[in-house]
Amino acid sequence: MSAHDFWNDRYAGDTFLYGTEPNGFLVEQHTVLRGPVLSIAEGDAKAHRLAEARGVSIRTECTDLATWTPPAASFGAVVSIFAHLPRAVRARLYPLLEAALAPGGVLVFEAYHARQLAR
């Protein structure tokens with residue numbers, strides 16, 4: 001099964017796989033966020049439905065983070081919460097995400113250590 005098929009299968013259906021409440025760490029950081037905000041690896045294609053229900057406007061893009069390049073100096077904040085990416089993809093992408101920040105922008109990042117996989 002390809003990674004593309006894996007994630008499509010994982011997020012298929014009408015329910016939200018991880019619920020609809022915001023990530024606790026991100027909630028704690030909300031005061032440092034300023035727009036526009038780029039949030040990578042959000043996954044769930046039902047995000048538009050949730051945003052509409054909460055009166056929020058979002059734009060989504062389905063892309064391969066291994067080859068995608070974000071626009072430079074464009075975002076007040078970049079959010080990466082549990083974006084489980086291979087090492088080579090992280091090595092290429094994270095410097096690009098830093099470059100995507102506008103002057104004074106902030107990167108909000110939360111991830112697991114590799115030892116978490118054993119749990």
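**Close-up views of a predicted model**

**View 1. Glu61 and Arg59 are joined by a salt bridge**. In this pair, the closest N and O atoms are 3.9 Å apart; a salt bridge is counted when a side-chain nitrogen of Lys or Arg lies within 4 Å of a carboxyl oxygen of Asp or Glu. Arg59 is exposed, at 72% relative accessible area, whereas Glu61 is partly exposed, at 45%. Here buried means under 20% relative accessible area, exposed means over 50%, and partly exposed lies in between (1.4 Å probe, protein chains only). The model is predicted, so local features need pLDDT of at least 70 and side-chain atom pairs count only at pLDDT 80 or more, while totals for chains, interfaces and linings use all residues. Residues are numbered from 1 along each chain as its sequence is written, and side-chain values use heavy atoms, with hydrogens and water left out.

**View 2. A salt bridge connects Arg54 with Glu21**. The search of the whole structure finds two salt bridges. In the one between Arg54 and Glu21, the N to O distance is 3.8 Å. Because Arg54 lies in the loop between H3 and S2 and Glu21 in the loop between H1 and helix H2 (24-29), the pair ties together parts that are 33 residues apart in sequence. Helices (H or I, at least four residues) and strands (E, at least two) are DSSP runs, numbered from the N terminus. Arg54 is partly exposed, with 44% relative accessibility, and Glu21 is exposed, with 62%.

**View 3. Phe82 and Tyr112 form a stacked aromatic pair**. The ring centres are 4.6 Å apart, and the angle between the planes is 15°. Rings of Phe, Tyr and Trp (its six-membered ring) pair if their centres lie within 6.5 Å; planes under 30 degrees apart count as stacked, over 60 as edge-to-face and the rest as tilted. Phe82 belongs to the loop between S2 and H4, and Tyr112 to the segment after strand S3 (101-110), so that the pair links distant parts of the chain, 30 residues apart. Both residues are partly exposed: Phe82 has a relative accessible area of 28%, and Tyr112 has 48%. Three aromatic pairs are found in the whole structure.

**View 4. The largest nonpolar core has 14 residues**. Such a core is a set of buried Ala, Val, Leu, Ile, Met, Phe, Trp, Tyr and Cys residues joined through side-chain atoms within 4.5 Å. The residues with the most contacts inside this core are Leu38, Ile40, Leu65, Leu85, Leu93 and Leu97. Strand S1 (37-40), strand S2 (75-81) and helix H4 (87-100) each give two or more residues to the core; H4 provides the largest share, five residues. Leaving aside neighbours within four places in sequence, Leu97 is in contact (heavy atoms within 4.5 Å) with Leu38, Ile40, Trp68, Pro70 and Val78. In soluble globular proteins, nonpolar side chains tend to be buried together.

**View 5. Ala41 lies in the loop between S1 and helix H3 (47-53)**. Ala41 is partly exposed, at 41% relative accessibility. Not counting residues up to four places away in sequence, Ala41 touches Leu65 and Ala83. Ala41 and Glu98 are 57 residues apart along the chain, and their C-alpha atoms are separated by 16 Å.
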